[in-house]
Amino acid sequence: MTAWLTLVGIGEDGYVGLGEAARKALAEAQCIVGAARQLALLPADLPGQHELWPSPFSVAPVLARRGTPVCVLASGDPLFYGVGASLARQLPAEEMRVFSFPSSVSLAAARLGWPLQEVTVLSLVARPLAALQAQVFPGARLLVLSNDGESPAAVAELLRERGFGPSRITVLEHLGGNQERRIDGLASDWALPRVADLNLLAIDCVAVADARLLPLTPGLPDDAYQHDGQLTKRDVRAITLARLAPQPGELLWDVGAGCGSIGIEWMRVHPRCRALAIEVDAGRQAHIQHNRDALGVPGLQLIAGRAPEALAGLAAPDAIFIGGGVTIPGVLEQCWASLKPGGRLVANAVTLQSEAALVAWREQVGGELTRISVAQAQPLGGFDTWRSALPITLLEVRKP
């Protein structure tokens with residue numbers, strides 16, 4: 001099939017800013033789809049039918065016209081956090097033409113003099129604000145696509161709570177248009193409750209001296225988590241994540257998740273890492289929900305239920321961590337059956353019974369057993385001595 005769909009990136013300067021090829025595509029289209037603001041930028045004499053995106057948003061109306069000339073309007077670059085990305089997942093490249101306009105990110109970098117390769121870009125459009133938590137570091141420069149006019153105030157509050165009040169914030173409204181406006185300030189004294197809905201937020205992250213900094217490496221401090229004691233401790237967590245060996249785009253099952261620490265740190269390794277946390281206890285489910293937002297991975301999916309029953313129908317994982325429940329009949333078997341070929345399974349045991357279950361399981365599937373013992377120096381009278389935590393038996397096995 002030849003190209004029938006044309007994606008036209010349009011800026012705030014509207015139709016006059018489009019190239020000749022984009023204008024020709026609009027003139028020949030039987031249907032032009034876009035947001036009301038974008039459609040209003042077009043001249044009234046274009047013959048194609050104008051159609052608004054449905055609410056809730058769906059690309060189905062466009063796909064239903066497959067084979068007929070259709071133009072889709074997008075802000076800036078259609079394939080950069082735009083509708084073009086959604087359509088490209090549904091259609092082969094041969095069926096689409098794309099006419100890009102400079103994205104708001106490119107325009108913002110030009111206004112600020114920020115080299116784009118040194119900037120982190122993220123979107124809050126229909127996405128949780130908590131996703132910002134994983135990107136806030138001293139010296140980081142962030143370009144944030146705002147969800148609406150209240151986003152800058154919400155971001156400023158988040159920065160203050162994290163100890164990044166001195167961070168410099170720049171709001172850029174209506175980039176590239178005759179209403180373009182720049183607002184500068186600090187997170188610590190940001191007072192504007194609302195700006196224009198069409199805005200991009202630039203953040204130059206600066207931390208106070210005692211700010212709580214969260215490293216990218218596995219093994220966050222134990223007190224970074226809300227928990228009821230059901231927590232894989234810091235040193236064991238770092239060893240466990242090293243054995244799980246996350247790769248971008250991979251899916252982890254965190255079975256018997258407790259407070260969700262393994263799944264959370266798996267997802268913090270790379271933005272494309274995904275995780276499911278399976279937990280039956282309602283109190284621990286609440287801890288997981290709190291921790292995933294506080295630590296910047298709101299996309300972690302909570303599965304409320306008990307393994308192995310709760311595992312039925314879930315997407316096949318690339319790796320599995322079993323932190324509790326290895327003695328429950330069927331858990332190890334169901335996890336092993338669901339694991340993708342070449343996937344990794346890591347299970348930790350503390351009790352003699354759970355250790356015996358791992359030893360017996362190893363006889364069936366192979367793998368490597370490791371004993372982990374951690375001791376910390378603590379006071380004893382006027383002296384110090386070593387206090388050992390409960391030893392952990394770790395089974396690591398890769399599925400053929």
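Q: Where does His174 sit?
A: This is a predicted model. In it, His174 is in the loop between E8 and strand E9 (181-186).

Q: What is phi for His174?
A: Near 45 degrees. That is a positive value in a residue other than glycine.

Q: Is His174 buried or exposed?
A: His174 counts as buried, because its relative accessibility is 15% and the cut-off for buried is under 20%.

Q: Which other residue has a positive phi without being a glycine?
A: Tyr81, at about 50 degrees. Tyr81 lies in the loop between E4 and H4.

Q: And how accessible is Tyr81?
A: Its relative accessibility is 42%, so Tyr81 counts as partly exposed. Tyr81 also turns up at the largest pocket, as one of the residues nearest the centre.

Q: OK, pockets then. What is the volume of the largest pocket?
A: About 1,200 Å³.

Q: How many residues line the largest pocket, and which lie nearest its centre?
A: The lining has 41 residues. Gln38, Ser75, Tyr81, Gly82 and Val125 lie nearest the centre.

Q: Which elements give two or more residues to that lining?
A: Three helices are among them: H2 (36-39), H4 (83-88) and H5 (104-112).

Q: What is the lining like by class?
A: The largest pocket has 21 nonpolar, 13 polar and seven charged lining residues.

Q: Which domains does that lining draw on?
A: Domain 1 (5-101) and domain 2 (106-205) each give at least three residues.

Q: How is the whole chain divided?
A: Into domain 1 (5-101), domain 2 (106-205) and domain 3 (222-399). The centres of domain 1 and domain 3 are 46 Å apart, taken over C-alpha atoms.

Q: What does UniProt list for residues 5-187?
A: The unreviewed entry lists "domain: Tetrapyrrole methylase" for residues 5-187. In the model, that span is 23% helix and 25% strand. Its end C-alpha atoms lie 43 Å apart.

Q: How many residues of H8 are buried?
A: Eight of its nine, so H8 is mostly covered. The buried ones run Ser261, Ile262, Gly263, Ile264, Glu265, Trp266, Met267 and Arg268.

Q: What covers the buried residues of H8?
A: The cover includes helices H7 and H9 (282-294). It also includes strands E11 (251-255), E12 (274-279), E14 (319-322) and E15.

Q: New topic. Which residues does a cis peptide bond join at Pro56?
A: Ser55 and Pro56, with omega about 5 degrees. Pro56 is in the loop between strand E3 (49-52) and helix H3 (60-63).

Q: And which residues does the cis bond at Pro308 join?
A: Ala307 and Pro308, with omega about 10 degrees. Pro308 is in the loop between strand E13 (301-304) and E14.

Q: Now Leu5. Which strand is Leu5 in?
A: Strand E1, residues 5-10. Leu5 has a relative accessible area of 0%, so it is buried.

Q: What is Leu5 in contact with?
A: Leaving aside neighbours within four places in sequence, Leu5 is in contact with Val62, Val70, Val72, Leu87, Leu91, Glu95, Met96 and Arg97.

Q: How many residues apart in sequence are Leu5 and Cys71?
A: They are 66 residues apart in sequence. In space, they are 5.9 Å apart, C-alpha to C-alpha.

Q: Last one, for the whole chain. How many helices and strands are there?
A: The chain has 11 helices and 19 strands. Buried residues make up 45% of its 400 residues. The C-alpha trace spans about 80 × 55 × 35 Å along its principal axes.

Terms used:
Residues are numbered from 1 along each chain as its sequence is written. This is a predicted model: local features need pLDDT of at least 70, side-chain atom pairs count only at pLDDT 80 or more; totals for chains, interfaces and linings use all residues. Side-chain values use heavy atoms; hydrogens and water are left out. UniProt positions are given in the numbering used here, feature names are shortened, and annotations may be inferred rather than shown by experiment. Helices (H or I, at least four residues) and strands (E, at least two) are DSSP runs, numbered from the N terminus. On a 1 Å grid over the protein atoms alone, a cavity is a set of points where a 1.4 Å probe fits but cannot get out, and a pocket is an open set with protein on both sides within 12 Å along at least five of seven lines; lining residues have an atom within 4 Å of a point. Grid points are joined across faces, edges and corners, and a volume is the space filled by probe spheres set on the points. Ala, Val, Leu, Ile, Met, Phe, Trp, Tyr, Cys and Pro count as nonpolar, Asp, Glu, Lys and Arg as charged, and the others, Gly among them, as polar. Domain bounds come from an automatic or database domain assignment. Buried means under 20% relative accessible area, exposed over 50%, partly exposed in between (1.4 Å probe, protein chains only). Contact means heavy atoms within 4.5 Å.
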